Amino acid sequence: MEHELLLRAVRKHVTCKWALLYIERWLTAPMDKDGIIIERTRGTPQGGVISPILSNLFLHYTFDLWMGRAHPDLPWCRYADDGLVHCRSEQEAEAVKAELQTRLVECGLEMHPTKTRIVYCKDSRRKGSYSNVKFDFLGYCFRPRRAKNSQDASVFCSFLPGVSASALKSMRAAIRDLNLRRRTHVSMADIARQLNPLLRGWIEYYGRFTQAALGPILRYVNQTIEAWMMRKFKRFMGRKAKAGRVLERLSRERPGSFAHWKIGIRGSFA
């Protein structure tokens, strides 16, 4: 991202000379890397507080407005530097990809060499054969999935989103980092107070579509609670089946204790 092009975009929205001066100085400030001073001539500082808004502004002119002019009939979406364009055929997708590559180069950017690809949205109506039939976007994996017709309960294939494998891996790491299994000095209510904000956020976001895909991480939470219980109480030490039965009963009697128990992710202990 060339600074001059970025500053041209900024000047369309910012007229205060002092603000423009500070933005320019902030963009071009040298970077100290292991004692070596590196001049900055392009891009925005990684982790900078206004880097996201400047990048968004640049991509608004580079991509958003360009798509509206060049392809007004194609649906598209963008979040930060990640975006999708919906095309009607593989030939059209190839053409748009080539045009977009040229456009980005003109603006001093380039497509990601491995993440940029054409995906076939395969379902019961689109039955063609294509090597790529899934993609990740904003933590969701879009791919062919079984769906049920609400009218006659028949099952068919639809192209639907569900939590992605990488998002599940991140959630699992977040749970593991809490080290709950060894925190035997706290109560179950304390465990719930720490877990529930995370669980509610994940369920509200990722549970909007294909909630069943959250099953692996929610069952892992149950297993974590079970392991904590076996460490905390001597009567459950080495008695996984017994601890599982007790937690199963608790999850049914007090489903409000944990956010995922409320939605029925209970019977997965032991």
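The points below take the strands and then the helix.

1. Basis. This is a predicted model, in which local features need pLDDT of at least 70 and side-chain atom pairs count only at pLDDT 80 or more, while totals for chains, interfaces and linings use all residues. Residues are numbered from 1 along each chain as its sequence is written, and side-chain values use heavy atoms, with hydrogens and water left out.

2. S5 and S6. Strand S5 (residues 135–137) runs antiparallel to strand S6 (residues 140–148), with three bridges joining them. Strands are DSSP runs of E with at least two residues, helices are runs of H or I with at least four, and both are numbered from the N terminus; two strands pair if DSSP finds at least two bridges between them. Phe 137 is opposite Tyr 140 in S6. Two residues separate the strands of this hairpin, where Leu 138 has a positive phi near 55°.

3. S6 and S7. Nine bridges pair S6 with strand S7 (residues 155–163), again in the antiparallel sense. Cys 141 has Gly 162 in S7 as its bridge partner. The hairpin has six residues between its strands, and Ala 153 in the turn takes a positive phi of about 65°.

4. H6 geometry. Helix H6 (residues 188–206) has 19 residues and spans 25 Å from first to last C-alpha, close to the expected 27 Å, which is 1.5 Å times one less than the number of residues. H6 has a kink of about 40° at Leu 195, shortly before Pro 197; the bend is the angle between axes fitted to the seven residues ending there and the seven starting there.
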